[in-house]
Amino acid sequence: MLQFLGNIEAKADAKGRIFVPAVFRKRLQGADEEFLVLRKDIFQDCLVLYPGTVWENEIEALRSRLNKWNKEQQQVFRQFVLDAERLEMDANGRILIPRRYMVLVGIESEVRFLGVDDTIEIWAKEKLEKPLVDPDEFSERLQELMS
């Protein structure tokens with residue numbers, strides 16, 4: 001099972017190419033992942049990289065909960081896949097992030113790769129300069145979850 005952990009800074013070049021951090025690249029290569037899927041996160045202002053097998057599992061889980069004869073559910077499925085882009089790392093370990101995705105989440109050049117379980121998030125660096133959740137609220141929420 002793939003699992004990513006880390007908070008690593010990187011820079012995109014003028015064309016939107018970014019080196020996938022070595023620690024993540026090694027995990028992907030060790031799992032023989034052939035491609036990645038990029039999409040904007042549903043809740044946060046960041047991009048999410050799904051290893052190919054993780055993406056396929058997500059699509060299957062979503063598809064299994066939808067009725068293909070229900071118009072609204074089909075629109076949700078279409079929107080989910082419409083916002084996705086298949087990517088492949090080049091020989092140097094770089095990915096090319098399409099400009100529209102960078103604009104969508106406010107990435108100019110400096111980014112942070114954040115390992116989040118079986119996916120990798122890509123944030124505009126400045127958006128992770130402060131905590132996502134107030135520290136006191138975080139400890140209270142975590143205590144509630146773990147009690």
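Trainee: How many salt bridges does the count come to?

Mentor: Keep in mind that this is a predicted model. Side chains of opposite charge can pair when their charged atoms come close. The cut-off here is a Lys or Arg side-chain nitrogen within 4 Å of a carboxyl oxygen of Asp or Glu. By this rule the count comes to 13.

Trainee: What is the N to O distance in the salt bridge of E110 and K11?

Mentor: This pair links distant parts of the chain, 99 residues apart. E110 is in strand 7 (residues 110-117), and K11 is in strand 1 (residues 4-11). Their side chains meet in a salt bridge with an N to O distance of 4.0 Å.

Trainee: Does each partner count as buried, partly exposed or exposed?

Mentor: Exposed means over 50% relative accessible area, and buried means under 20%. E110 has 33%, so E110 is partly exposed. K11 has 55%, so K11 is exposed.

Trainee: At what N to O distance do E110 and K125 meet?

Mentor: The side chains of E110 and K125 also form a salt bridge. E110 lies in strand 7 and K125 in the loop between strand 8 and helix 5, so the pair ties together parts that are 15 residues apart in sequence. The N to O distance is 3.3 Å.

Trainee: Is K125 buried or exposed?

Mentor: K125 is found in the loop between strand 8 (119-124) and helix 5 (135-146). Its relative accessible area is 19%. The cut-off for buried is under 20%, so K125 counts as buried.

Trainee: Leaving aside neighbours within four places in sequence, which residues does K125 contact?

Mentor: One of them is its salt-bridge partner, E110. With neighbours within four places set aside, the list is E9, E110, V111 and R112.

Trainee: Which residues are linked in a network of salt bridges?

Mentor: Start from E110. E110 pairs with K11, and E110 pairs with K125. The network consists of E9, K11, E110, R112, K125 and E129.

Trainee: Which residue forms a salt bridge with R86?

Mentor: R86 has 51% relative accessibility, so R86 counts as exposed. The N to O distance in its salt bridge is 3.6 Å. The partner is E88.

Trainee: Which residues form the negative surface patch?

Mentor: Patch residues must have over 30% relative accessible area and no salt bridge. One of the members, E140, is in helix 5. The patch is formed by D134, D136, E140 and E144.

Trainee: How far apart in space are L145 and R39?

Mentor: L145 is found in helix 5. At 67% relative accessibility, L145 is exposed. L145 and R39 are 106 residues apart in sequence. Their C-alpha to C-alpha distance is 28 Å.

Trainee: What percentage of the residues count as buried?

Mentor: The C-alpha trace spans about 45 × 45 × 30 Å along its principal axes. The protein exposes about 9,800 Å², with 51% supplied by carbon and sulfur atoms. Of its 147 residues, the buried share is 37%.

Key:
Residues are numbered from 1 along each chain as its sequence is written. This is a predicted model: local features need pLDDT of at least 70, side-chain atom pairs count only at pLDDT 80 or more; totals for chains, interfaces and linings use all residues. Side-chain values use heavy atoms; hydrogens and water are left out. Helices (H or I, at least four residues) and strands (E, at least two) are DSSP runs, numbered from the N terminus. Buried means under 20% relative accessible area, exposed over 50%, partly exposed in between (1.4 Å probe, protein chains only). Contact means heavy atoms within 4.5 Å. Patches are made of residues with over 30% relative accessible area and no salt bridge: like charges are joined within 9 Å, nonpolar side chains (Val, Leu, Ile, Met, Phe, Trp, Tyr) within 5 Å. Accessible areas come from the Shrake-Rupley method with a 1.4 Å probe; for residues, only the protein chains shown count as cover. Lys and Arg count as positive and Asp and Glu as negative; His and the chain ends are not counted. The place of a charge is taken as NZ of Lys, CZ of Arg, CG of Asp or CD of Glu.
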